[in-house]
Amino acid sequence: MSKPSAPAAPEYIDAPPPVPPAAAGYVSAPPPAAPAPPVPPAPAVPVAPVFAEGAPQGDPYAAPVTPAGHPQAAHQSPAAESAHHPFGAGQPLGGWGTPPGGVGGPGQPGEWGGPGTPPGPRRKRGSLIALVAAVALVAGLAGGAIGVSLTDGKDGSVGSSSHTSTTVTVGDNKKALDRAPESVAGIAAAALPSTVTIKAQGSSESGTGTGFVFDTEGHILTNNHVVAPAASGGKLTVKFSDGSSYPASVVGRAQGYDVAVVKLDNPPKDKLVPLALGDSDKVAIGDATIAIGAPYGLEGTVTTGIVSAKDRPVASGDETGSQASYMNALQTDASINPGNSGGPLLNASGQVIGINSAIQSNTSGSSGRAGSIGLGFAIPINQAKWVAETLIKDGTPVYAILGVLRNDDYKGDGAQIQTKDVQGTPAVTPGGPADQAGLKPGDVITKLGGIATDSGPTLVSEIWTHKPGEKVEVEYTRDGKAAKTTVTLGERKGDN
């Protein structure tokens with residue numbers, strides 16, 4: 001990874017011209033007045049600089065402010081009166097067609113489109129002082145109110161009986177404290193007991209993620225990359241919101257979909273309340289979302305947002321880069337961080353519409369820890385449910401296939417089929433779905449099932465939203481000419 005560049009100097013658009021200082025002590029110049037009798041000059045007294053609110057004494061970034069009326073006030077420049085503190089602008093994202101190291105799951109940072117400009121060092125002391133100042137201000141106001149209440153008699157005496165307190169105390173009214181079931185608090189209260197924290201420990205790595213109760217048999221739905229460290233004889237522990245923990249085992253993993261199912265070894269029947277599943281096909285942009293998980297190990301964290309986009313093609317990989325997964329994701333701005341992986345994304349009715357799986361971050365693995373910038377991605381629950389049911393049935397994932405080799409070096413619009421065989425593997429599988437539909441090496445697929453494809457990974461993401469045996473319309477170009485055909489998707493079992 002390249003070393004992050006230093007923050008660029010701020011640029012301002014339409015900056016106002018400097019305003020000449022007005023006469024000391026006036027907002028605008030007053031009418032001329034008769035000269036006052038001369039007053040002997042008072043001895044000069046040094047004035048200590050006053051720093052902006054929240055800035056500590058000696059802070060090199062805070063501009064000193066000279067009190068009004070001081071002889072230097074009229075000569076102070078506008079820049080000295082208030083130092084600019086611009087917020088850094090976001091960096092544009094790159095294209096979607098670069099899967100290796102692409103959008104990382106929470107736990108591995110994303111690298112699509114270069115890293116953003118790193119923020120400057122936090123002035124923690126300044127923040128703390130600002131908070132203390134705010135508290136002191138509130139305390140001062142409260143003290144003033146108390147002073148008024150003690151001296152509010154007509155005669156100005158302390159403790160006058162004519163004063164009546166305006167303070168209102170809210171009683172312990174259970175009805176007033178109850179939360180409506182459809183409120184965020186109500187939904188969170190219902191979902192938290194069925195949302196679990198998963199700890200996976202292997203011989204060489206370990207990690208923490210999230211999952212949720214899928215059925216009453218003890219199956220937990222989560223991401224593949226959450227359980228991967230324990231996939232080869234490691235240890236899995238599932239922890240419920242009440243603090244109770246249970247050992248679990250992997251039932252099945254689908255690396256390509258980034259979906260996994262684990263089962264509690266000794267399921268506690270009283271805790272197995274499955275979360276209701278919604279219909280991710282009916283989700284609309286702008287719908288409210290609620291994400292639950294354990295970001296950075298903070299179990300039972302609830303965040304809210306909206307559905308920012310649908311059918312967002314996302315390719316993600318693990319930290320070693322040895323596996324890739326593809327999804328046509330639901331995008332949300334609900335805060336998702338490392339540890340949220342595998343947790344539920346809920347709608348405003350408390351139904352699961354997706355599995356939180358990946359984020360786009362403005363930092364890389366070599367320069368810092370990934371964190372939410374409001375670009376989170378979830379596997380649509382309709383797809384995840386089908387994959388989970390397949391894994392529970394026989395432990396092996398099943399994928400829809402087109403039967404072609406894609407050319408990820410192609411730079412044009414669309415997804416190109418390889419122009420020739422690769423290491424003895426035909427570009428178009430003889431007798432396969434694409435071959436039977438008339439597709440040939442070098443064809444550029446522009447749409448599949450009515451969804452535009454702008455790259456090879458996007459094509460894979462769209463194919464995997466379908467099931468084997470489904471018929472889909474394919475639009476493509478050959479030698480610059482547009483054409484259409486219908487493909488019956490084939491089947492592949494297993495990840496290898």
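Q: What is the bridge partner of L221 in β6?
A: V261 is the bridge partner of L221. This is a predicted model, where local features need pLDDT of at least 70, side-chain atom pairs count only at pLDDT 80 or more, and totals for chains, interfaces and linings use all residues. Residues are numbered from 1 along each chain as its sequence is written, and side-chain values use heavy atoms, without hydrogens and water.

Q: What makes β3 and β6 a pair?
A: Two strands pair if DSSP finds at least two bridges between them. Strands here are DSSP E runs of at least two residues, numbered from the N terminus. β3 (residues 219-222) and β6 (residues 259-264) share 4 bridges, in the antiparallel sense. They therefore pair.

Q: Which closed barrel has antiparallel pairing?
A: It has 6 strands, in the order β1-β2-β3-β6-β5-β4.

Q: Why is N347 called buried?
A: Buried means under 20% relative accessible area, exposed over 50%, partly exposed in between (1.4 Å probe, protein chains only). N347 has 15%, so it is buried. N347 sits in the loop between β10 (344-346) and β11 (352-359).

Q: What is N347 in contact with, leaving aside neighbours within four places in sequence?
A: I187, A288, I290 and I353. Contact means heavy atoms within 4.5 Å.

Q: Where does pLDDT stay under 50?
A: pLDDT is the predictor's confidence in each residue, from 0 to 100. It stays under 50 over residues 1-34. Over residues 44-161 it is also below 50. Where pLDDT is low, the predicted coordinates should not be read in detail.
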